[in-house]
Amino acid sequence: MSKLSPRLVKEIEQPGTYQDGRGLFLKVTATGSKSWIFRYSIHGRRRDMGVGTHPDVTLKDARLQADKARLELAKGVDPLARRDELKAAEASARRRGVDFKAEAEQYIRTHSTSWSTKHAKQWRNSLTTHVYPALGTVPIEQIDTNQVVDVL
């Protein structure tokens, strides 16, 4: 039986963990932020899966997410491991076909704001001279350790 109500969730301010039932908890931190946790056990191991933050994820949505996770558990699937696999596959799909040069240039653009102009130029020159000829057009997922060692 569920213990929390939408009104209670909104009004809770005291830090702590509040149980809704069937493994769903609302965790309130000292700063007042609220997050949903689904706790379950699989293969003798306790797992805590974050379901989202309140108010972005409502009590109803958190219960639905917990129900979906329970269905996966009933099939013998660890919902947290499954979520991690899906995220990794999604990230891999986004990067598929991206070559080393594009990733390296993105890295330089992101980090060079904290570098001196000379340091940024050294990075670009080293990559252009030594790395791009060997790996510049190779998709990231196809680069292996031996190729990196060869460039070094």
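Mentor: In this predicted model, S41 is exposed because its relative accessible area is 53%, where exposed means over 50%, buried under 20% and partly exposed in between, with a 1.4 Å probe and protein chains only. Residues are numbered from 1 along each chain as its sequence is written, and side-chain values use heavy atoms, with hydrogens and water left out. Since the model is predicted, local features need pLDDT of at least 70 and side-chain atom pairs count only at pLDDT 80 or more, while totals for chains, interfaces and linings use all residues.

S41 belongs to strand β3; strands (E, at least two residues) and helices (H or I, at least four) are DSSP runs numbered from the N terminus. R47, by contrast, sits in strand β4 and counts as buried because its relative accessibility is 14%. Its side chain makes a polar contact of 2.6 Å with the side chain of D78, a polar contact being a pair of N or O atoms within 3.5 Å, of which, within protein, one must be able to donate a hydrogen and the other to accept it, and residues adjacent in sequence count only if both atoms are side-chain atoms. Beyond its neighbours within four places in sequence, R47 is in contact (heavy atoms within 4.5 Å) with F38, R39, Y40, I42, D78 and L80.

F38 leads on to the largest nonpolar core, which has 18 residues and in which L4, L26, W36 and F38 have the most contacts. Such a core is a set of buried Ala, Val, Leu, Ile, Met, Phe, Trp, Tyr and Cys residues joined through side-chain atoms within 4.5 Å. The elements giving two or more residues to this core are β2 (24-28), β3 (34-42), β4 and α2. Another core, of 9 residues, lies apart from it and includes I108, W115, V131 and L135.
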